[in-house]
Amino acid sequence: MQEILDAILSTDSTSADFAALKLPDSYRAITLHKDEEQMFAGLDSRDKDPRQSLHLDEVALPELGPGEALVAVMASAVNYNTVWSSIYEPVSTFGFLERYGRLSPLTKRHDLPYHVLGSDLAGVVLRTGAGVNAWKPGDEVVAHCLSVELESSDGHNDTMMDPEQRIWGFETNFGGLAQIALVKTNQLMPKPAHLTWEEAASPGLVNSTAYRQLVSRNGAGMKQGDNVLIWGASGGLGSYATQYALAGGATPICVVSNDQKADICRAMGAEAIIDRSAEGYKFWKDENTQDPREWKRLGGRIRELTGGEDVDIVFEHPGRETFGASVYVTRKGGTIVTCASTSGFMHQYDNRYLWMSLKKIVGSHFANYREAWEANRLVAKGKIHPTLSKVYTLEETGQASLDVHQNKHQGKVGVLCLAPEEGLGVRDAELRAKHLPAINRFRDI
Ligand SMILES: NC(=O)c1ccc[n+]([C@@H]2O[C@H](COP(=O)([O-])OP(=O)(O)OC[C@H]3O[C@@H](n4cnc5c(N)ncnc54)[C@H](OP(=O)(O)O)[C@@H]3O)[C@@H](O)[C@H]2O)c1
C-alpha cells in the first residue's frame, strides 16, 4: 500500500508507473458485519451508535470485472446513507447485497458476510477492466455513486430508471470508505484540480442529488427568480441546494436549526433565513395529528421574507415531520420535490391544498451519469464549492457517522483514507486561490 501512496504523492509518476504497481491482496476498509444485523434490535433510532456497528477491517481485494476500475482512495466522505447502513435502518443493507448477488456470477462477488460502505471517493485509478478505454491507471478521479447494468431499455433515456439501479457503497459492496474501492468506470469523473483530496471527495453524492432534485428537468427544473424553500439548508443536501438556488438566480429561503447554521447560510450568500428552533414550529400536535395553524405560521414567515410571495419550489427531505407544511406553503402550481424521509416515510398532508392549487409532488433520487457529470463540472469550474466542515481519519469513521446521526455537523464530513494528512492533491493553485474563502466557508464558522 505504501508503494501506491508513494506513487500518488510523487509528482512525476506516469500511467505506466501506476500500471506496473503490484496490487495488495487485501486492504483496510470500513465494514458492517452480517452476523451483527440484529445488534440494535429494540433500540430507539437515536440510541443506535454507529461506533458499535462500523468496523475497520482488512478485507480481500475484489476481482476486477469488465467495465470496472480499482481505485486507490485518498479520501471519502460520510453520507446519511452511511448512517442508515450503520444503524440497520430502515432495513439491513445485506439484503441489497444478497439480491444483487443473485443477478450474475460477477455480481455474486458483492454478496459477502461483510459490507464495505461509502458512496464518495477521490483518488487515483490503479487498474481498469476489459473494455475500458476512457480511463487509465494514474487518472485522478472522483466517483459518483450510481451503479447501473443498462441491460434493459428502461434506463436508456435516463439511467436512474434502470431496473438494476443501485447506489454504490450502499446497495453494492466495495465502497469508498476504504483504501481501495471497486467502481464501474461509468461512475468516474475528473477530480476538480483546485481541490484537495478530501474537498474533492465531499460533494459527490449530495451535490449530484441536489442538482437533479432542484436544477434538472428530471427534478424541479428551477428557473431564475424562483423562491425555493430549502429544509436543512446548511446540511449535506441543503448546502448544495442553497448554492444552486443562488447560482441559478433564484432566492433560497433557508431553514436551519441554530445561529451557527444561519451564519453559514449567510456566508453562502443567502439572506432569507428561518431558524426553525428559535421560531418553535410544531407541525404535529401529537403523533397522529398535524396543526395547520403552524403551517400557516410558516407560510406567513415566508411571505415576510419574500415581500409577500409564496415559494415556487420546496426542497424536501425531512419527510413526515415537515411534509404537510411543505405542501401547504408551496404556491399555486408550484413543486414539492422530495428525495428522502429522514423523520419518517409515511407522509401525511392535506390533499385539498395540492389538487385545488394544482401543485406537483416530484420524487427524485440521486442523479444519472450526465447530471452527476454536470454537477461535478460546476465544482471543477469553481462555480459550486465543497461544503466540508470537518475531516476524520478512517479509524474515526464511526464517530464521524455519529456526528451526522446526531445532526451535530455542518455541510459535509470528510474521511481521509490513504491520504496521510489534509491539504494534499491540489493541482491548480491559481484557481484555488481565487476561490479559497468560498472553499473554506464551512470550516471557518
Ligand atoms: N435520494 C437520494 O438520492 C438522497 C441523496 C442524499 C441524501 N438523501 C437523504 O436525504 C436526507 C438528508 O441528507 P443530508 O445528507 O442532507 O443530511 P444532513 O447533512 O443530516 O442534513 C439534513 C438536514 O435536515 C435538517 N433536518 C433534519 N431533520 C429535520 C426535521 N425533522 N425537520 C426539519 N429539518 C430537519 C437538519 O438541518 P437543521 O437542523 O439545521 O434544520 C439537517 O442538517 C437523508 O435522509 C438522506 O439519506 C437522499
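In which helix is K434 found? K434 is found in helix α15, residues 429–439, where helices (H or I, at least four residues) and strands (E, at least two) are DSSP runs numbered from the N terminus. This is a predicted model, in which local features need pLDDT of at least 70 and side-chain atom pairs count only at pLDDT 80 or more, while totals for chains, interfaces and linings use all residues. Residues are numbered from 1 along each chain as its sequence is written, and side-chain values use heavy atoms, with hydrogens and water left out.

**Surface charge**

- K434 counts as exposed because its relative accessibility is 63% (buried means under 20% relative accessible area, exposed over 50%, and partly exposed in between, with a 1.4 Å probe and protein chains only).
- K434 also belongs to a patch of positive charge on the surface, where it gathers with R377, K381 and K383 (patches are made of residues with over 30% relative accessible area and no salt bridge, and like charges are joined within 9 Å).

**Salt bridges**

- Side chains of opposite charge can pair when their charged atoms come close.
- A search of the whole structure finds 25 salt bridges (a side-chain nitrogen of Lys or Arg within 4 Å of a carboxyl oxygen of Asp or Glu).
- One of them joins the side chains of E395 and R28 at 3.2 Å, N to O; because E395 lies in the loop between β19 (388–393) and α14 (397–405) and R28 in strand β1 (residues 26–33), the pair ties together parts that are 367 residues apart in sequence.
- R28 itself is partly exposed, with a relative accessible area of 32%.
- The side chains of E279 and R301 meet in another salt bridge, at 2.9 Å from N to O; E279 is in the loop between β13 (272–275) and β14 (284–286) and R301 is in helix α10 (residues 292–306), so this pair ties together parts 22 residues apart in sequence.

**A buried histidine**

- H317 is found in the loop that runs between β16 (311–316) and α11 (320–329), and H317 counts as buried because its relative accessibility is 12%.
- Leaving aside residues up to four places away in sequence, H317 touches W231, G232, L237, C339, A340, S341 and T342, where contact means heavy atoms within 4.5 Å.

Definitions and conventions: Patch = residues over 30% accessible without salt bridge, like charges linked within 9 Å, V, L, I, M, F, W, Y side chains within 5 Å. Areas by Shrake-Rupley, 256 points an atom, 1.4 Å probe, with all protein chains shown as cover. Lys, Arg positive; Asp, Glu negative; His and termini not counted. Charge placed at Lys NZ, Arg CZ, Asp CG, Glu CD.
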